[in-house]
Amino acid sequence: QVQFLESGGGLVQPGGSLRLSCAASGISFSIRNMAWYRQAPGKQRVEVARASPGGTEVYADSVKGRFTISRDDVKKEVHLQMDRLNPEDTAVYYCNQQPPLAANWGQGTQVTVSA
């Protein structure tokens with residue numbers, strides 16, 4: 001059974017940082033593109049960062065230079081370091097394969113950026 005368990009969200013002031021973590025199980029992690037997605041209130045879920053098995057990283061323009069994705073193929077984990085957060089980053093953050101497995105979205109982790 002494929003599962004993605006996200007953690008690390010919270011409330012942070014503008015300009016602050018958070019580090020999200022995702023533990024994956026039930027997939028051949030090391031050969032998969034892994035990605036972080038987010039869904040803001042009233043908006044569609046969108047991809048924010050992607051990491052390939054070969055180490056290639058791709059970022060959405062909105063987070064480029066502020067977010068860093070990393071992966072640990074031994075632990076089957078993917079992380080998202082988020083710096084210089086702003087209120088527009090407020091969303092529920094999810095991890096999944098890229099392209100995503102539609103049937104296997106996790107609960108996500110809430111990130112709220114507010115003064």
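**A guided look at a protein of strands**

Guide: In this predicted model, the protein has 10 strands and 0 helices, and read along the sequence it follows the pattern β-β-β-β-β-β-β-β-β-β.

Visitor: What makes the protein as compact as a globular protein of its length?

Guide: The radius of gyration of the protein is 13 Å, and the globule rule gives 13 Å for 115 residues, so the protein is as compact as a globular protein of that length. Along its principal axes, the C-alpha trace spans about 40 × 25 × 20 Å, and buried residues make up 38% of the 115 residues.

Visitor: Why is arginine 66 called buried?

Guide: A residue is called buried when its relative accessible area is under 20%. Arginine 66 has a relative accessible area of 10%, and therefore arginine 66 counts as buried.

Visitor: Which residues is arginine 66 in contact with, leaving aside its neighbours within four places in sequence?

Guide: Contact asks for heavy atoms within 4.5 Å, and with those neighbours left aside, arginine 66 is in contact with Gln81, Met82, Asp83, Arg84, Leu85, Asn86 and Asp89.

Visitor: How do you know that the side chain of arginine 66 reaches the backbone oxygen of arginine 84 as a polar contact?

Guide: The limit for a polar contact between N or O atoms is 3.5 Å, and the side chain of arginine 66 reaches the backbone oxygen of arginine 84 at 2.9 Å, so the distance falls within that limit.

Visitor: In what order do the 4 strands form an open sheet?

Guide: The order is 1-3-8-7, and the pairing is antiparallel.

Visitor: Why is one side of strand 1 and of strand 7 left without a neighbour in the sheet?

Guide: Strand 1, residues 3-7, and strand 7, residues 67-72, stand at the edges with a single partner strand each, so one side of each is left without a neighbour. From one strand to the next, the twist averages 15°.

Visitor: How do you know that strand 7 and strand 8 pair?

Guide: Two strands pair if there are at least two bridges between them; strand 7 and strand 8, the latter covering residues 77-82, have 6 bridges in the antiparallel sense, and so they count as a pair. In strand 8, valine 78 is the bridge partner of arginine 71.

Conventions. Residues numbered from 1 in each chain as written. Predicted model: local features only at pLDDT ≥ 70, side-chain atom pairs only at ≥ 80, totals over all residues. Heavy atoms only, no water. Helix = DSSP H or I, 4+ residues; strand = E, 2+ residues; numbered from the N terminus. Axes fitted to C-alpha atoms, helices over the stretch in contact; angles between N-to-C directions. Rg over C-alpha atoms; globule rule 2.2 N^0.38 Å. Buried < 20%, exposed > 50% of the residue type's maximum accessible area, 1.4 Å probe, protein only. Polar contact = N/O pair within 3.5 Å; in protein donor to acceptor, adjacent residues only side chain to side chain.
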